[in-house]
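I opened the notebook to record what I looked up, one entry at a time. The structure comes first, then the notes.

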Amino acid sequence: MKLALPGLQQLKVSSSWDNSNGNFSISSRTSGGGPRYSIESCCTVGGRARKKKQLKATCQRPFNLRREQRGRLKEEKLMKKIQKLVEEKEKLRIPIAQGLPWTTDEPKCLIKPPVKKNTIPIDLKLHSDIRAVERARFAHQVAEKRSLIKQYKMERERQQKLEEEEEIKRLRK
């Protein structure tokens with residue numbers, strides 16, 4: 001059987017009687033081969049009662065975001081951290097005395113180490129000291145040479161003066 005309405009697709013409707021279950025079903029299908037719809041009715045056939053199968057409504061569950069869980073975890077971590085800091089501060093307030101040294105537990109006469117001999121200093125000869133002595137000798141030699149040269153010049157001048165005076169005396173005679 002074909003039904004057509006203006007502006008709608010053509011629908012094909014078919015009906016069937018199922019003898020095994022006693023169900024009467026009507027199905028409709030669009031001409032384009034779209035989805036199939038079936039309607040089952042509750043009938044008593046052959047003394048059997050069959051109820052229409054009803055779909056259960058879905059249970060509504062709250063939608064939990066991960067950020068809420070992370071927020072709770074962060075709050076718990078923060079609380080634990082604050083608790084730990086408070087406990088540490090309380091521990092720091094309690095003074096703890098230092099223990100006695102090991103020697104007070106068992107008093108013993110400690111063995112003194114042997115006395116070392118005094119070290120004898122070695123006379124060090126530095127290169128700069130040796131050079132200074134050599135330089136002083138050289139400076140002394142230079143000073144002696146200069147004084148000898150000076151004396152030699154003075155002696156020579158004196159002799160020259162004497163020779164000139166003698167020559168002058170000789171020429172005057």
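Entry 1, terms. I count a residue as buried under 20% relative accessible area, as exposed over 50%, and as partly exposed in between. I also note that the model is predicted.

I looked up the secondary structure and found three helices and six strands in the protein chain. Read along the sequence, the order is β-β-β-β-β-β-α-α-α. I then checked burial: of the 173 residues in the protein chain, buried residues make up 2%.

How many of the 28 residues of α1 are buried? The number is zero, so α1 lies largely in the open.

I found a surface patch of positive charge where Arg66, Arg70, Lys74, Lys77 and Lys80 gather. Is lysine 74 buried or exposed? Its relative accessibility is 64%, so it counts as exposed, the cut-off being over 50%.

I found a nonpolar surface patch of about 370 Å², made by Leu78, Met79, Ile82 and Val86. Methionine 79 also belongs to helix α1. I looked up its accessibility, and at 53% methionine 79 counts as exposed.

I wrote down a general point before looking: side chains of opposite charge can pair when their charged atoms come close. How many salt bridges does the structure hold? I found one. It joins glutamate 155 to arginine 158, and the closest N and O atoms are 2.3 Å apart. Both residues lie in helix α3, which covers residues 127-172. They are three residues apart, about one turn of the helix. I checked the accessibility of each partner. Glutamate 155 has 34% relative accessibility, so it counts as partly exposed. Arginine 158 has a relative accessible area of 45% and is partly exposed.

Which residues form the negative surface patch? I listed Glu163, Glu164, Glu165, Glu166 and Glu167. I took glutamate 165 as the one to follow up and found its place in helix α3. At 47% relative accessibility, glutamate 165 counts as partly exposed.

Terms used. Residues are numbered from 1 along each chain as its sequence is written. This is a predicted model: local features need pLDDT of at least 70, side-chain atom pairs count only at pLDDT 80 or more; totals for chains, interfaces and linings use all residues. Side-chain values use heavy atoms; hydrogens and water are left out. Patches are made of residues with over 30% relative accessible area and no salt bridge: like charges are joined within 9 Å, nonpolar side chains (Val, Leu, Ile, Met, Phe, Trp, Tyr) within 5 Å. Accessible areas come from the Shrake-Rupley method with a 1.4 Å probe; for residues, only the protein chains shown count as cover. A salt bridge is a side-chain nitrogen of Lys or Arg within 4 Å of a carboxyl oxygen of Asp or Glu. Lys and Arg count as positive and Asp and Glu as negative; His and the chain ends are not counted. The place of a charge is taken as NZ of Lys, CZ of Arg, CG of Asp or CD of Glu. Buried means under 20% relative accessible area, exposed over 50%, partly exposed in between (1.4 Å probe, protein chains only). Helices (H or I, at least four residues) and strands (E, at least two) are DSSP runs, numbered from the N terminus.
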